[in-house]
Structure formats: structure tokens, C-alpha cells
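Colleague: Could you take a close look at one part for me, the aromatic rings? I'd like to know how they sit and pair up.

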Amino acid sequence: MTDTDVQVQPRKKGLTRRQKRRLSRGAQYAVFAAAVIAFALSADWGRLQNQFAQVDIAQRMFPEVITLALKNTVLYTLSGFVFGLLLGMVVALMRLSSVGPYRWLAGVYIEIFRGLPALLIFIFVGVAVPLAFPGTQIVGGTYGKVALALGLVSAAYMAETIRAGIQAVPKGQMEAARSLGFSPARAMVSVIVPQAFRIILPPLTNELVLLFKDSSLVLFLGVTLQERELSKYGNDLASTTANSTPILVAGLCYLLVTVPLGFVVRRMESRSQEAIR
């Protein structure tokens, strides 16, 4: 048998890896579109509109939902963030201290306040503190209580973030500062900490977003009508009107702040990754 007598069988061609990925992606899109269509067809949009989208009720919430509820939410968040940042900075430095008791106290604080739910911290500040210290008034009233509660919770997370940022700064920076005559404390404050904050700015901004949502727990402290934040304000109006539209409006106000902040966090993270590259 000669070579010419041998018939070469054509090789079967299968799908390439790129074609398989395209096929898989198309199937996922089809499943997602089918799920959306099924949800849209099965939902009772009329009842949802009657319960959550009453325009007249939403209109009556303005401008108070912005000038009162959203304003209080922002003030609660900022006060808690500032207090938590200052306390977290102290705890982070204690965690990095060469003094053993400081490290032990900082570690115990972080483990306790990271493990407890924020709700329990609010109840502790609103109930346990007045019982433990009769006649003692927290400076700032409700705003001071919220700052204390949110600060105690956030400081535990911020302390670990700040500690990681400080340790991420090259050790040569401290050595260079010391060679210029800086004391250890001055070198830490003037050289190391500013560089650390540039590193940890994205996670700190993300912590601000979390605090903005956790500020809804202020209702457990017992607030007046002028001290209500978004969740309390929306829930009170929902009970008064027997309709859930105020809750939806309050949720949209939360998104009005959290969505832009989330975008800022993503932009800062992408810039920090580009700087590393």
C-alpha cells in the first residue's frame, strides 16, 4: 500500500476556548434575562405602587427629610467617625508600642468591640453608662451619645487599619527621619503617619459608609422629634400614614450619600493600585 492509497481523515474541529467563553457568557446573560422577566411578570406592581410609591406622601416629606433627618444622619456619622478615628489612632499606637501592657490593653479592646454587635454598644451607652455613673451627663446630649457609641465600634476596626498602614510604610522612612535628628515620636507623627494615611484612605472611607448606615441605631437611645435620623423619621411617618412610602424615600436618601462615597472608594483604590504598579 502506497502513501497515495492512504486517505487522510479530516480532523474534527471543536469549539475554541474563546468560543466556549462566549457561549458560557451568553448562557449566563440569557438565564439572568429570563429571571428578570419572570420576576417582572409575577410581581404585583399595582400593590407595590400603592404601598411604596405614593407621590403625595413622598412630597409631604420634603424638605424636612433633607433639612432634619438627613442632616442629623450626617452629623451623627461625622461625629462618630471623628471620635472613632482619634480613638483608633491611639489604640493603633498602643498596639505597636514596645510596652507590653499597652499592647495587651489595645488587643483586648479590639477583640471585644469587633466581636460585639453595634446594637449592644448603643444599648450599653444609653443604659449602662447612666446606671454606672449616676448624674453624669455625656457632653453633647444625643449627639455625644451617638458619637461615643459609633466611635467605640469604629475605633476597633480603624485601629487595625491604621496599624496595617503604619507597618506598610518602609522602615527606611523612620531611619531617615531619625538620621535627620527627629525623635521617635516626632518621626512617627510627621513622617510615618501621613504616609500611612495615604495608604489607608480607601478603607477609612469605606468605614465612613458603614458608619453612615449604622447611625440608624440611634433610635435605641431614645431621640426627640428634632433628633430623628433617616430610619427613625421614615419609620415614624410610615406608622402615621399606614404606608411604606416614607421608608422607601429614606432608603433613597441613604443611597444619595452611600453611592457617591462608594464611587470615591473605588476610584481611590484604583489609583492606589496604579501607584503601586
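Modeller: Let's start with Tyr 76, which is buried, with a relative accessible area of 0%. (Buried means under 20% relative accessible area, exposed over 50% and partly exposed in between, using a 1.4 Å probe and protein chains only.) This is a predicted model, so to speak of local features we need pLDDT of at least 70, side-chain atom pairs count only at pLDDT 80 or more, and totals for chains, interfaces and linings use all residues. Residues are numbered from 1 along each chain as its sequence is written, and side-chain values use heavy atoms, leaving out hydrogens and water.

Now the pairing. Rings of Phe, Tyr and Trp (its six-membered ring) pair if their centres lie within 6.5 Å; planes under 30 degrees apart are stacked, over 60 edge-to-face, the rest tilted. That rule gives four aromatic pairs here. In one of them, Phe 39 and Trp 45 have ring centres 6.1 Å apart and planes at 90 degrees, so they are edge-to-face. Phe 39 is exposed at 53%, while Trp 45 is partly exposed at 48%.

Back to Tyr 76: its ring centre is 5.0 Å from that of Tyr 143, with the planes at 40 degrees, so this pair is tilted. Tyr 76 lies in helix H4 (residues 64-95) and Tyr 143 in helix H7 (residues 142-168), so the pair ties together parts 67 residues apart in sequence. (Helices are DSSP runs of H or I, at least four residues, numbered from the N terminus.) Tyr 143 is partly exposed, at 28%.

Definitions and conventions
Helices (H or I, at least four residues) and strands (E, at least two) are DSSP runs, numbered from the N terminus.
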